[in-house]
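Biologist: Let us go through this fold step by step. Please state each cut-off as you use it.

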Amino acid sequence: MGKNKGKKEKKAKKTAERKEKPKTGKVKVKSTANGISDESEKKEFSAAPIQHTQPKKEPLKRPDDALTQKMLVIFQALSDENRLKIMNLLAERERSTPELLESIGIVQSTMSHHMKVLSEAGLVQSRRAGKRFCYSVREDTVEQATAYFESLHRE
């Protein structure tokens, strides 16, 4: 056991020394301009140890304006393809959950998630009809988002 321990310590010491010492040397450079190989050139290099550091991430700055905050929530809610499909269907008329499920082809749990996001953004409203929920577009929120977009348009 004593011999193995000594070998391991020597190996660890050599490895540590190699990591501390910058590498230098000469390397042959092959240049193949027009298919002709020239190996006569030698370039020296010196490599310092590489330090792996990740750039600092600055926290996202949130707008202070209440309208901008509301629009941010609305546009994030509309950033999903399925939620856009739901909004298009609801723009035609009020629909129940089973109707939406059948039209879009997603499972109940996914539909619940999407409806929660759209409701929290103020884009849809729901009412209970027996055992089912019926959803419709909240016109006031859509009008607000439309007005916001129109205010960005400059002639």
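Modeller: Start with angles: under 35 degrees counts as roughly parallel, over 145 as roughly antiparallel, 65 to 115 as roughly perpendicular and the rest as oblique. Axes are lines fitted to C-alpha atoms, for helices over the stretch in contact, and the angles run from 0 to 180 degrees between N-to-C directions. This is a predicted model, where local features need pLDDT of at least 70, side-chain atom pairs count only at pLDDT 80 or more, and totals for chains, interfaces and linings use all residues. Residues are numbered from 1 along each chain as its sequence is written, and side-chain values use heavy atoms, without hydrogens and water.

Biologist: How many helices and strands does the protein have?
Modeller: Helices (H or I, at least four residues) and strands (E, at least two) are DSSP runs, numbered from the N terminus. The order from that end is α-β-β-β-β-α-α-β-α-α-β-β-α. The count is 6 helices and 7 strands.

Biologist: How are α2 and α6 set relative to each other?
Modeller: Their axes come within 11 Å. They cross at roughly 110 degrees. The two helices, α2 and α6, are therefore roughly perpendicular.

Biologist: Which residues of α6 meet α2?
Modeller: Contact means heavy atoms within 4.5 Å. From α2 come Leu67, Thr68, Lys70, Met71, Ile74 and Phe75. Their partners in α6 are Thr141, Gln144, Ala145, Tyr148 and Phe149.

Biologist: How do the residues of that contact divide by class?
Modeller: Ala, Val, Leu, Ile, Met, Phe, Trp, Tyr, Cys and Pro count as nonpolar, Asp, Glu, Lys and Arg as charged, and the others, Gly among them, as polar. On that basis, the contact of α2 with α6 has 7 nonpolar, 3 polar and 1 charged.

Biologist: What is the geometry of the ring pair phenylalanine 75 and phenylalanine 149?
Modeller: Rings of Phe, Tyr and Trp (its six-membered ring) pair if their centres lie within 6.5 Å; planes under 30 degrees apart count as stacked, over 60 as edge-to-face and the rest as tilted. Phenylalanine 75 is in helix α2 and phenylalanine 149 in helix α6, 74 residues apart. Their ring centres are 5.1 Å apart and the planes stand at 55 degrees, so the pair is tilted.

Biologist: Which residues form the aromatic cluster?
Modeller: The count of aromatic pairs comes to 3. One cluster is formed by Phe75, Tyr148 and Phe149.

Biologist: Is phenylalanine 75 buried, partly exposed or exposed?
Modeller: Buried means under 20% relative accessible area, exposed over 50%, partly exposed in between (1.4 Å probe, protein chains only). The value for phenylalanine 75 is 28%. That makes phenylalanine 75 partly exposed.

Biologist: What does leucine 90 touch, leaving aside neighbours within four places in sequence?
Modeller: Its partners include Arg95, Leu100 and Met115.

Biologist: How are α4 and α5 set relative to each other?
Modeller: Thr97, Leu100, Leu101 and Ile104 in α4 meet Gln108, Met111 and Met115 in α5. By class, this contact has 5 nonpolar, 2 polar and no charged residues. The axes come within 11 Å and cross at roughly 110 degrees. α4 and α5 are therefore roughly perpendicular.

Biologist: How far apart in space are leucine 101 and methionine 111?
Modeller: Leucine 101 is in helix α4 and counts as buried, at 18% relative accessibility. Not counting residues up to four places away, leucine 101 touches Ile106, Val107, Gln108 and Met111. In sequence, leucine 101 and methionine 111 are 10 residues apart. C-alpha to C-alpha, the distance is 7.0 Å.

Biologist: Is serine 96 buried or exposed?
Modeller: Serine 96 sits in strand β5. Beyond four places in sequence, its contacts are Arg132, Phe133 and Cys134. At 5% relative accessibility, serine 96 counts as buried.
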